[in-house]
There are 2 protein chains.
Amino acid sequence: MRVHQLINCLCKRSCMFLPLDNTMATQPAKQLCTQHHHVSKMFRPSYVLPKGMRQDGVACKSQRLMMENGLIRPAGPGTFHLLPLAQRALEKLIKVVDLEMRRVGSHKIAMPSLTSSALWKESGRWDMMGAELFKLKDRHKTELCLGPTHEEAVTDIIAAEGILSHKRLPIKLYQITTKFRDEPRPRFGLLRGREFIMKDLYTFDSSEATARDTYNMVCQAYTRLFRRLQLDFIKVVGDTGSIGGSLSHEYHLPAQTGEDELFQCDKCGLGANAETTEGARPVCPERLDETACPMRLRSGIEVGHAFLLGTKYSQVFKAYFADSAGNKQLTEMGCYGLGVTRILAAAIEVLSSEDEISWPQIIAPYQVYIIPPKGKSKEEAAIPLAEALCNDITDSFSHLQEELLLDDRDHLTIGRRVTDAKKLGYPYIVVLGKRALEDKPLYELHDAQQGTTEYVSKTELLEILGSITVL
Amino acid sequence: MRVHQLINCLCKRSCMFLPLDNTMATQPAKQLCTQHHHVSKMFRPSYVLPKGMRQDGVACKSQRLMMENGLIRPAGPGTFHLLPLAQRALEKLIKVVDLEMRRVGSHKIAMPSLTSSALWKESGRWDMMGAELFKLKDRHKTELCLGPTHEEAVTDIIAAEGILSHKRLPIKLYQITTKFRDEPRPRFGLLRGREFIMKDLYTFDSSEATARDTYNMVCQAYTRLFRRLQLDFIKVVGDTGSIGGSLSHEYHLPAQTGEDELFQCDKCGLGANAETTEGARPVCPERLDETACPMRLRSGIEVGHAFLLGTKYSQVFKAYFADSAGNKQLTEMGCYGLGVTRILAAAIEVLSSEDEISWPQIIAPYQVYIIPPKGKSKEEAAIPLAEALCNDITDSFSHLQEELLLDDRDHLTIGRRVTDAKKLGYPYIVVLGKRALEDKPLYELHDAQQGTTEYVSKTELLEILGSITVL
């Protein structure tokens, strides 16, 4: 039997610090599990977008802000490196998506990117997708593609189960994985790349009616998701495109950069993608009298999609179930996508100004940014107070342990670092200036969401920071 | 200014439940954020390994156990679907790796899989890797490869910074992403696939001495990691292979299935990969007298690798820094891999029996498995107590909220479900049998790590479960 002693780190947070020696130590560790994060140690290279790219319509605001502030870096046409701050925001966004996917009762899986050509030939999409599908051959000359979506693969998994009992339905499986699409014209940074992260959920129901219930449940989850992210969105009737199916809605973030044209009713908010209206200005689906409810043309960035697929794929791959009378029937499918890296960039696109990034609060890379005074300044005695403040915050609120960023670049003025922090859009910026040295120390607190700056005592500061929501 | 009201769910855990209507609700939500996880809703298809595959040396124990128990499913040669239980374990394993990578002060990034051929031609590995490199062409006939590792890409990122100040070093960047390698003979499930998840850390130092400090620090992190996972490992001097460099160690889990032959000293534990010894039985590096310290031949599964790369890549890609005297110098690099999906399978391979999976406790898909009595049995009055027990556990220990799995298949006997739960290797199995209905209810608790079964009161049960470590 294995006996391994786990001992806690000095930080008293359940970090499960383990000593390096082989002894079964019973005394507390003498080392901290982690230190606070320091700006001087961040890797945040600035990349200036070549002039003219924006005028040429290949770059946009979010792309420029993300490059200039060291969030992303171009790797090749339509591919980007996600640097540490973007990676942190992305992982937080994935947690939000996971939460909503759990709430609709779906389970997370991961299907490989390397996909057999046979599956795609069976569904007919090998040819239909054309040049958008990245195709390759392995060492045995076997044809493969890099999956841009996984209807074929997931239906094949379900079909392999044989005839399912109706009691096992609905089955809801999703993944959050890298997808590939050979875009004819990759542009706008993460908004239209050739390699991106997508959440794709696939559902299998026993009737069209229950498939519609599932459809509505997922649409509600999307509504909650965008509300959690504080993002206004437009839900429109969508095109079923190459995926196929009988009913489809798209979720768009309204933005000038958006590549989709949408008709939206000014009154009820409902709308349609202009692709689906064959050029005509449509009537609001809620009203019969066009003049009474004018549809406005807007631009949107498509960030989500819901499809009721019917039996299109279950028929091809023979995904059957037995109903309560024992009759063999085809499962009714749905598929539901969210462009995860696209949402990351689109949120920056719609929330930010030309100069400063603004994040949906819960996905900001760090929640609290702490700026001690400049070295060799009159206030330099407050420098050690910053590290102490970090400890006080994490001692009181363990959920903020990984959320503090200390700007230790004390060769820079406070003003220079506040400007930098605002560019990056951290929700809370705390400055320790000369008032931090008063008998009753006061901290300068910038609240990005409220747009306010105020001086607060440590008690007040802790109360405010303690209420930060971290997923 | 946007104002969004977040309200808490009835579960009182900080799940940030949001109501669906548009009102800024101030009353508590009327809906629970999530429900407990139920076995009847799990997607866990069993796939029986065709007979003969194991004799043919293409399948192994972990692969069979993972397939039969619905953890993975073959997708194509060397590719697998990760089903919900495997995905959960994988995400936990990634958390452990993240924690140790943070502790060495490294930052997480993500580099794309689609990699320009130019970079690989510059380093000379385009040809050197031969058929193992998946190559493809995009719609413009541009040559790309699917990155099996990212020395070229990461060095290019650093070099693009121009001449770095020595104060910015060391720089330590890692990623946990899907990698591709066209193995000539994919086999053993996740142990040797063509698409897998790897952690790769790249470090840039200002001297060979500091690069060695970094090297030792990462090796210590690997030691802690395997200790957290309760896995015995052998660290051996390794082959520098196609990656190149001056110093290398490999981490192996000793296993008969292992494809590597290792010489290990029985006394001090040090060893070498037989590949590096040119057929000769080596002398223990700690002793001069061979007879005094015999080296034993063992088989191992390679799960980690550390390389001191020197300036091999920084020279090719011109990754320079300026030393304190202002002189331009090449950065000293290291690279450090961990086969993440491989560790998942290897852990099962070395810990499990032929019939039952055994997990490193902290990565088990669920920590606690709860079995109520069979429906229409004498004990059926205890069925509702199971759901109540789940609530009691999560009310007391919020960190167990996502760790409970309730086996609601009440058409099955308790015995049948205990057998099933043991096959899956859940660390704690709690059975509500007839003694749960006594005046002082007793719960049957199976502890997989201790190998014990005992009857405990609810207070005792909560005390034991409360001490479960969850990352």
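**Cavities, sheets and hairpins**

Colleague: Which strand gives the most to the lining of the largest cavity?

Modeller: Strand 15 of chain B, residues 295-310, with three residues in the lining. This is a predicted model.

Colleague: What makes a residue part of that lining?

Modeller: An atom within 4 Å of a cavity point. The residues that line the largest cavity are B:Phe188, B:Leu191, B:Arg192, B:Thr257, B:Gly258, B:Glu259, B:Asp260, B:Gly300, B:Ile301, B:Glu302 and B:Arg342. The volume of this cavity is about 80 Å³.

Colleague: Why is it called a cavity and not a pocket?

Modeller: Because a 1.4 Å probe fits there but cannot get out, whereas a pocket is open. The search of the whole structure finds six cavities of 30 Å³ or more.

Colleague: How many residues of each class are in the lining of the largest cavity?

Modeller: Five charged, three polar and three nonpolar. Gly counts as polar, so B:Gly258 and B:Gly300 belong in that class.

Colleague: What lines the second largest cavity?

Modeller: A:Phe188, A:Leu191, A:Arg192, A:Thr257, A:Gly258, A:Glu259, A:Asp260, A:Ile301, A:Glu302 and A:Arg342. By class, that lining has five charged, three nonpolar and two polar residues. About 60 Å³ of space lies inside.

Colleague: What is the strand order in the open sheet of chain A?

Modeller: 1-20-19-21-22-23, six strands with mixed pairing. Strand 1 (37-38) and strand 23 (452-456) have a single partner strand each, so one side of each has no neighbour in the sheet.

Colleague: How do you know that strand 1 of chain A pairs with strand 20 of chain A?

Modeller: Two bridges join them, and they run parallel. A:His38 has A:Leu406 of strand 20 as its bridge partner.

Colleague: Which helix packs on this sheet?

Modeller: Helix 11 of chain A, residues 458-466. It touches strand 19 (368-371), strand 21 (428-431), strand 22 (443-447) and strand 23 of chain A. Its direction makes about 135° with that of strand 23 of chain A.

Colleague: What is the order in the open sheet of chain B?

Modeller: Six strands, 1-20-19-21-22-23, again with mixed pairing. Strand 1 (37-38) and strand 23 of chain B are the edge strands, and each pairs on one side only. Helix 10 of chain B, residues 414-424, lies across strand 19, strand 21 and strand 22 of chain B, at about 170° to strand 19.

Colleague: How many bridges join strand 22 of chain B to strand 23 of chain B?

Modeller: Five, and the strands run antiparallel. B:Asp447 stands opposite B:Thr452. Four residues lie between the strands in this hairpin, where B:Gly451 takes a positive phi near 70°.

Colleague: What joins strand 2 of chain A to strand 3 of chain A?

Modeller: Four bridges, between antiparallel strands at residues 72-76 and 79-82. A:Pro74 stands opposite A:Phe80. This hairpin has two residues between the strands, and A:Gly78 takes a positive phi near 75°.

Colleague: Where in chain A does pLDDT stay under 50?

Modeller: Over residues 1-33. For chain A the mean pLDDT is 89, with 88% of residues at 70 or more. The predictor gives the complex an ipTM of 0.92 and a pTM of 0.93.

Key
Residues numbered from 1 in each chain as written. Chains lettered and ligands numbered in written order. Predicted model: local features only at pLDDT ≥ 70, side-chain atom pairs only at ≥ 80, totals over all residues. Heavy atoms only, no water. 1 Å grid on protein atoms, 1.4 Å probe; cavity = no way out; pocket = protein on both sides within 12 Å on 5 of 7 lines; lining within 4 Å. Points joined across faces, edges and corners; volume = space filled by probe spheres on them. Pairing = 2+ DSSP bridges. Contact = heavy atoms within 4.5 Å. Axes fitted to C-alpha atoms, helices over the stretch in contact; angles between N-to-C directions. pLDDT = per-residue confidence, 0-100.
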